[in-house]
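These are my notebook entries on one chain, set down in the order in which I looked things up. The sequence and the model come before the entries.

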Amino acid sequence: MDGMSSYHKRSSGLNPCKNSSFSHSSRVMAPGFYRYPEVKSPLRRQVHAPSRILKSGRDRSTRQGSGNVLGTFLTRNDDMLKRNALDLPLRYRTDREVIDVDDELGDVEMISDDTSREGLENVAMEVDEVEEKAEMGNGLFSEVVSVKNGSLRVDECSQANSSSLVVNRPVTDVTSFEAYRKVLQSAENRTSKLKDRGFGDILKERGRALLRSLFSFSFWKQDKEPVEDVQREAFLTLSREEETAVNRAFSANDSNILVAHKNSNIEITGKILRCLKPGEWLNDEVINLYLVLLKEREAREPKKFLKCHFFNTFFFTKLFNSGTGYNYSAVRRWTSMKRLGYHLKDCDKIFIPIHMNIHWTLAVINIKDRKFQYLDSFKGREPKILDALARYFVDEVRDKSEVDLDVSRWGQEFVQDLPMQRNGFDCGMFMVKYIDFYSRGLDLCFTQEQMPYFRDRTAKEILQLKAE
């Protein structure tokens, strides 16, 4: 038994559970003689931020810096940073954002604290997410966000041209979330402005297309059709019946009264009408009756023709002649409101036929364009006539409206771009057609070759007592 007990005593010292440090009893061995260190609380997980490797092989992360405040703040606001970055309104973005922190990382003091490293890693992840979203658009601009010397700086670079426009907006407080938010907000503001300009161009183009489509409808053509109709009406051909009636009137007896206009008390006999035959000079009766018919035409369709006043062939000889000179009182009652129903100053144009011995010309008081015009089929010039008419118009406005009109800045025009007479007998016909086309608002788009047609047409209109 003693041997056995001694055996057990010796073997008990070889029990691995009793002799090992893994024993749960602290009374097995004396303190300070542990074979293995005592189990402590788990260490906090260390997360290392990426760092550049130096040529010497050392990691720059070993450099110490004072950034505990920034790391703690970024860690605390990690969830808020992700949520704000992902909630940015990127649906209209067409630009590309490039956030470059890798190249500038070497100039920034690395933070040795573990929480700071984790915060920087979170910022890098957020930057990558924003960069991936920006790559989905067509890059019109690129942004480079640089972290340098403790401040953030935004560089805007245009890809449309080689030159770059740099807008510096330094943010000195890098410890706040405002630094990152301002960078993203500046990109969004510029992108929204570019989109607004793009949408403006699209809207303009759509507006033009809409107008083009609307012009295809008939109600948009109503403004153009009257001008085309008036120009076409100025050259309407005579029918066979009308030509026959004109030829019969030219063959009538001299004393035979063909037509009589009651309001003007003008009678047209066969002899008077024959002045419209080719090679004849126009007389006062035919010209004056035709001018009355033009005024009646305007009254029938005031929207188609200009508002005009047509003086007869005797007006200017009463107003001004070589013997007595200028005499307003001789024609003062010709334009009373009771007689006309309107004032001359309310007209667009006033036509004054001028007879100079054996030649007809035309003077126009163009109120619409504020000028006095003189038209001669031989391109003659008579400044005295326009001076007399300027004086008359001032006196007329003062007498009828009690207004002192200043015409010193009105122009005097001797029209040169006009159809010219190529014979010695069509001057009266040219003068009449000058009045006709101007009252229609048309240019003088006729020639000498059309004078025979105009003579027959004027005869037809006089026989019908209706100008067309």
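**Entry 1: a helix pair**

I first looked up helix 8 (residues 240–250) and helix 15 (residues 451–464), which pack at an angle of about 85° with their axes 10 Å apart. That angle makes helix 8 roughly perpendicular to helix 15, a label given to angles of 65 to 115 degrees, whereas those under 35 count as roughly parallel, those over 145 as roughly antiparallel and the rest as oblique. On the side of helix 8 the contact is made by Glu 242, Ala 245, Val 246, Ala 249 and Phe 250. Helix 15 contributes Asp 456, Ala 459, Lys 460, Leu 463 and Gln 464. Contact means heavy atoms within 4.5 Å. Axes are lines fitted to C-alpha atoms, for helices over the stretch in contact, and angles run from 0 to 180 degrees between N-to-C directions.

**Entry 2: basis of the values**

I note that this is a predicted model, in which local features need pLDDT of at least 70 and side-chain atom pairs count only at pLDDT 80 or more, while totals for chains, interfaces and linings use all residues. Residues are numbered from 1 along each chain as its sequence is written, and side-chain values use heavy atoms, with hydrogens and water left out.

**Entry 3: the chain as a whole**

I find 15 helices and 12 strands in the chain; helices (H or I, at least four residues) and strands (E, at least two) are DSSP runs numbered from the N terminus. Of the 468 residues, 36% count as buried, where buried means under 20% relative accessible area, exposed over 50% and partly exposed in between, with a 1.4 Å probe and protein chains only. Among contacts with a separation of 6 or more, 63% come from residues 24 or more positions apart.

I then traced an open sheet of five strands, ordered 6-9-10-11-12 with mixed pairing. Strand 6 (308–310) and strand 12 (411–414) stand at the edges with a single partner strand each, so one side of each is left without a neighbour in the sheet. Direction ignored, neighbouring strands are turned by 20° against each other on average.

Strand 6 pairs with strand 9 (residues 349–356) in the parallel sense over three bridges; two strands pair if DSSP finds at least two bridges between them. For His 309, I read Ile 350 as the bridge partner in strand 9.

Helix 10 (residues 284–300) lies across strand 6, strand 9 and strand 10 (359–366), and runs at about 160° to strand 6. Helix 14 (residues 427–440) also packs on the sheet, where it touches strand 6, strand 9, strand 10 and strand 11 (371–375). The direction of helix 14 makes about 20° with that of strand 10.

**Entry 4: helix 13**

Helix 13 (residues 383–401) has 19 residues and reaches 27 Å from its first C-alpha to its last, close to the 27 Å expected at 1.5 Å a residue. The expected span is 1.5 Å times one less than the number of residues. I list its buried residues as Ile 385, Leu 386, Ala 388, Leu 389, Ala 390, Tyr 392, Phe 393, Val 394, Asp 395, Glu 396 and Val 397. Glu 402 follows helix 13 with a positive phi, near 55°.

**Entry 5: salt bridges**

I counted a salt bridge wherever a side-chain nitrogen of Lys or Arg lies within 4 Å of a carboxyl oxygen of Asp or Glu. The count comes to 19.

Arg 332 and Asp 399 meet in a salt bridge at 3.0 Å, N to O. This pair links distant parts of the chain, 67 residues apart: Arg 332 is in the loop between strand 8 (325–326) and helix 12 (337–340), and Asp 399 is in helix 13. Both are partly exposed, Arg 332 at 41% relative accessible area and Asp 399 at 28%. Asp 399 also meets Lys 400 in a salt bridge, at 2.9 Å. Salt bridges that share partners join Arg 297, Lys 433, Asp 436 and Arg 440 into one network.

**Entry 6: positive phi in two loops**

Which residue in the loop between strand 9 and strand 10 did I check? It was Asn 357, whose phi is positive, near 60°. Asn 357 is exposed, at 71% relative accessible area. Lys 379, in the loop between strand 11 and helix 13, also has a phi near 60°, and Lys 379 is partly exposed at 33%.
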